[in-house]
Amino acid sequence: MPEVSSPKRRPLIAANWKMNKTPSETELFINEFLRALPPKLDSDVVVCPPFTSLALARSLIEGTAVALGAQNINENVSGAFTGEISPAMLVAVGCHYAIIGHSERRQLYGETDALIKKKIKAAFQNQLTPIACVGETLQEREANKTLEVVERQIRGALEGLPSAETQRIVLAYEPIWAIGTGKTASPAQAQEVHLAIRNILKDQYGSQTSLSVRILYGGSVKPDNMAELMACEDVDGGLVGGASLDAKSFAEIVNYKSKKRAGQ
Ligand code: PGA
């Protein structure tokens with residue numbers, strides 16, 4: 001059988017607002033962002049506001065190509081889990097995506113690979129596409145443990161997942177030392193880890209899956225560095241924190257191709 005040729009994956013660019021923006025700030029952002037977008041998008045674009053802005057954001061993006069995502073989900077269906085939000089509740093307010101296992105959830109709220117695996121499963125059971133995050137600390141990078149850590153996180157997150165679901169997962173490589181620090185991974189550093197992730201997928205699920213899964217880069221993505229990151233063979237999009245809080249800057253990131261042309 002011939003090797004499966006590499007189909008170009010449709011880029012996905014997601015805004016992770018974290019704990020920022022009230023509903024009225026959400027409204028201002030979305031109106032300005034929609035005005036700044038070109039009529040036809042070359043990428044899937046997802047906005048992940050806090051839970052309190054989801055319903056409003058949904059009404060504002062209705063009929064546009066922009067999709068809605070949550071920043072976290074609970075792995076259970078319903079019940080005595082004070083303060084938590086179920087996947088079905090998120091689907092009911094219009095979410096199509098959910099960020100799962102962000103490093104802030106791992107580090108500040110004790111999320112483990114085992115819990116993240118359950119959340120990914122719960123997301124798929126509810127037709128939510130998980131954006132599952134992995135990435136190493138600075139200490140781990142300096143100890144040359146990046147690939148080992150990322151491999152453990154990927155294998156842990158995907159363990160037991162049927163291949164049909166794995167093909168639809170979105171992964172985000174977010175080196176923790178690059179998040180919110182202004183220190184972006186160089187394109188070569190990003191590409192090295194993205195390729196390693198693709199090889200893990202190939203090893204576990206075969207070529208078809210490894211070539212279908214979108215692997216986003218996250219960590220100080222800005223309008224100025226998006227084009228060079230996207231030029232990497234295995235970088236299929238971005239998960240953007242700080243620079244997604246400003247409508248113009250996030251629109252520039254989404255429009256990274258025209259920015260590159262303008263700068264040539
Ligand atoms: P940053 O955050 O873009 O502010 O570095 C990215 C993220 O945490 O998803």
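**Salt bridges in a predicted model**

Mentor: Lys 248 is exposed, with a relative accessible area of 54%, where exposed means over 50%, buried under 20% and partly exposed in between (1.4 Å probe, protein chains only). This is a predicted model in which local features need pLDDT of at least 70 and side-chain atom pairs count only at pLDDT 80 or more, while totals for chains, interfaces and linings use all residues. Residues are numbered from 1 along each chain as its sequence is written, and side-chain values use heavy atoms, with hydrogens and water left out.

Trainee: Which residue meets Lys 248 in a salt bridge?

Mentor: A salt bridge is a side-chain nitrogen of Lys or Arg within 4 Å of a carboxyl oxygen of Asp or Glu. Lys 248 lies in helix H12 (residues 247–254) and its partner in helix H1, so the pair ties together parts that are 216 residues apart in sequence; helices here are DSSP runs (H or I, at least four residues), and strands are runs of E of at least two, numbered from the N terminus. The N to O distance is 3.3 Å, and the partner is Glu 32.

Trainee: Are Arg 198 and Asp 234 buried or exposed?

Mentor: Their side chains meet in a salt bridge at 2.5 Å, N to O. Arg 198 lies in helix H9 (residues 187–205), and Asp 234 in the loop between helix H11 (226–230) and strand E8 (237–240). Both residues are buried.

Trainee: Which residues do salt bridges that share partners join into one network with Arg 198 and Asp 234?

Mentor: A search of the whole structure finds 17 salt bridges. Through shared partners, Arg 198 and Asp 234 are joined into one network with Arg 9 and Asp 236.
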